[in-house]
Amino acid sequence: MKLLEYEAKRVFSGYGIPVPKGVVIRAPEEIAAHLPEIGDSVVLKAQVDVGGRGKAGGVLMADDATAEETARELFSREIKGVPVGEILVEERLAIEHEYYVSIAVDRSSRQPVVLFADAGGVEIENAARADESAVRRVVVSPLLRDIPPFLMRELLGGAPKELAPVINSLYHVFQEKDAMLAEVNPLVKTPQGVYAADAKLIVDDNALARQGIAVNRDLSEREREAEKHGFSYVELDGSIGVIGNGAGLTMSTLDLIEYYQGRAANFLDVGGGADQERVMHAVRLVASMPKVAVIVVNLLGGITRCDEVAKGIIAAGVAPTVVVRMAGTNEEEGRRLLAECGYRMLESMDAAVKAAMEVAK
Ligand code: GDP
Ligand code: MN
């Protein structure tokens, strides 16, 4: 789950990383009361979860005379389609230089990788694309508590040594917060010292309970519902709903839809031993997507009994057409139950997908 900038800064600050003085406001009138404490020269930053926020008009400068109207302006904007509900008001830093630092998991070595660039800021992607050597990277063993000095020197190159403790603290955040990504862009040098002017922290979804995060905000209501039932569920952008048991069978159903140039609306694996109740919830969940015109249920009966599945489909009683392919335990009973209620049960996965394609058209 991705934290908002001000939440990430709160975490970073707890690890000794200097962050600008700031406060979160929810209405333009709130700003005046905070200026005496923050200062006359401020930066207003929309707290929205979008990349390239500054370039999209989500970061504005103001002084005491213009603060309130600037806040009003920012609240009225949508940043890449996202409305602004909260603004982080911060003291404006006198930036001498902007650096880039991030820590992520390197998939190939399965270890933390630290990236650093001398030219940070809003153009970092373009700079990195134009010149690969603009970004230095070191891989750090997860068994180490600190980034070893020789790796830190390699990372920093000619950049000021005073950045090193900040980067090392960021490494502690990364380790202890079960992060997928900890990023500071820009990490800035000012006459008053080094500051994290921006902050990004993504916590591994599998570690939310350990991190004391009760609700994953990044999930849609449907994704949360799926999580509650223990379904593996991913939303896609087509109109053909998919329910399978086992990741392999469900994936091959998606592949077959793609093969016939159809578009799947989702991936849903109900898991093993799905009973009537689980199947009913799965069918209702997929049917609740407005874009779904038809649902393909592709199940192999092993521990899962086809008659239970049939009862679940019937109990769901949803509007989109449900096309079924089932094989295995109690297959005949399942077929009989479905036929009684007017559902089509086809002999093969191929036939089921083709039938669904017809409906989707
Ligand atoms: P992003 O676009 O979402 O990454 O937003 P940032 O928080 O990184 O801000 C974008 C840019 O605004 C930075 O790269 C800086 O150039 C500028 N900026 C942000 N805060 C300050 C500040 O306190 N002082 C000055 N002078 N510029 C700032
Ligand atoms: Mn930034």
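Mentor: A strand here is a DSSP run of E with at least two residues, numbered from the N terminus. Please keep in mind that the model is predicted.

Trainee: Which strands each supply at least two residues of the shell around ligand 1?

Mentor: They are β2 (42-46), β3 (59-62) and β10. The shell has 16 residues, of which K45, R53, G54, L93 and E98 come nearest to ligand 1.

Trainee: What makes the approach of R53 to ligand 1 a polar contact?

Mentor: The pair must be N or O atoms within 3.5 Å. A polar side-chain atom of R53 lies 2.8 Å from an oxygen atom of ligand 1, so the pair meets that limit. The backbone contributes as well: a polar backbone atom of G54 is 2.6 Å from an oxygen atom of ligand 1, and a backbone N or O atom of L93 lies 2.8 Å from one. Of the 570 Å² of accessible area that ligand 1 has on its own, the protein covers 82%.

Trainee: Why is N185 called buried?

Mentor: Buried means under 20% relative accessible area. N185 has 13%, so the term applies.

Notes:
Residues numbered from 1 in each chain as written. Chains lettered and ligands numbered in written order. Predicted model: local features only at pLDDT ≥ 70, side-chain atom pairs only at ≥ 80, totals over all residues. Heavy atoms only, no water. Buried < 20%, exposed > 50% of the residue type's maximum accessible area, 1.4 Å probe, protein only. Near = heavy atom within 4 Å. Polar contact = N/O pair within 3.5 Å; in protein donor to acceptor, adjacent residues only side chain to side chain. Areas by Shrake-Rupley, 256 points an atom, 1.4 Å probe, with all protein chains shown as cover. Helix = DSSP H or I, 4+ residues; strand = E, 2+ residues; numbered from the N terminus.
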